[in-house]
Amino acid sequence: MAEGARAAVMIMMMAMAAATLVSVASAIQGTATFYTPPYVPSSCNGFQNDGVMIAAASDAIWNNRAACNKRYSVRCTGATNLGVPQPCRGGSIVVTVVDYCPPGCQGTIDLSQEAFAMIADPNAGKIQIEYNE
């Protein structure tokens with residue numbers, strides 16, 4: 001590989017590593033619960049079918065409907081109770097906020113049952129998460 005190409009590859013690798021660190025550093029701690037179908041109507045989109053990779057926002061992120069249709073990356077980081085000591089399945093998901101989880105909501109973000117099951121054991125009911133926009 002030519003010296004210039006090698007330098008370009010190194011710069012690109014360093015930029016990717018820096019972007020990953022920024023992403024991890026900007027993650028917000030919270031909790032997630034889940035809700036079950038039917039998912040329509042929703043507070044944001046009425047009777048529009050938004051699929052299953054969706055969530056309801058608690059007051060912590062709702063911001064007077066500003067969260068509507070925003071996408072969040074969510075990753076399980078641990079248990080919140082003794083029922084399922086290791087609920088996380090690894091990886092992360094991306095969900096779109098389509099609904100509001102009213103005062104008294106038990107989590108920062110209320111995931112669809114399907115989205116929750118992709119990152120954690122649903123038997124846990126509530127998990128610790130990291131999320132970001």
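Contact is taken here to mean heavy atoms within 4.5 Å. The structure is a predicted model, in which local features need pLDDT of at least 70 and side-chain atom pairs count only at pLDDT 80 or more, whereas totals for chains, interfaces and linings use all residues. Residues are numbered from 1 along each chain as its sequence is written, and side-chain values use heavy atoms, with hydrogens and water left out.

Leaving aside neighbours within four places in sequence, threonine 33 is in contact with Gln106, Gly107, Ile109, Asp110, Leu111, Phe116, Gly125 and Lys126. Threonine 33 is found in strand E1, where strands (E, at least two residues) and helices (H or I, at least four residues) are DSSP runs numbered from the N terminus. The residue counts as buried because its relative accessibility is 9%, the classes being buried under 20% relative accessible area, exposed over 50% and partly exposed in between, with a 1.4 Å probe and protein chains only. Its side chain is joined to that of aspartate 110 by a polar contact of 2.6 Å; such a contact is a pair of N or O atoms within 3.5 Å, of which, within protein, one must be able to donate a hydrogen and the other to accept it, while residues adjacent in sequence count only if both atoms are side-chain atoms.

Strand E5 (residues 109-112) pairs with E1 (residues 28-35) in the parallel sense over 4 bridges, pairing being assigned if DSSP finds at least two bridges between two strands. Strand E2 (residues 54-57) runs antiparallel to E5 and is joined to E5 by 3 bridges. Aspartate 110 in E5 stands opposite threonine 33, and alanine 56 also stands opposite aspartate 110.

A search of the whole structure finds 3 disulfides, each defined as a pair of cysteine sulfur atoms within 2.5 Å. Cysteine 44 and cysteine 68 are joined with an S to S distance of 2.1 Å, and their link is left-handed, with -80° about the S-S bond. This pair links distant parts of the chain, 24 residues apart, with cysteine 44 in the loop between E1 and E2 and cysteine 68 in the loop between helix H2 (59-62) and strand E3 (71-79). Both cysteine 44 and cysteine 68 are buried.

The sulfur atoms of cysteine 76 and cysteine 88 are 2.0 Å apart, and this disulfide is left-handed because the torsion about its S-S bond is about -70°. Cysteine 76 counts as buried at 6% relative accessibility, whereas cysteine 88 counts as partly exposed at 31%. A disulfide with an S to S distance of 1.9 Å joins cysteine 101 to cysteine 105, and this link is right-handed, with 95° about the S-S bond.
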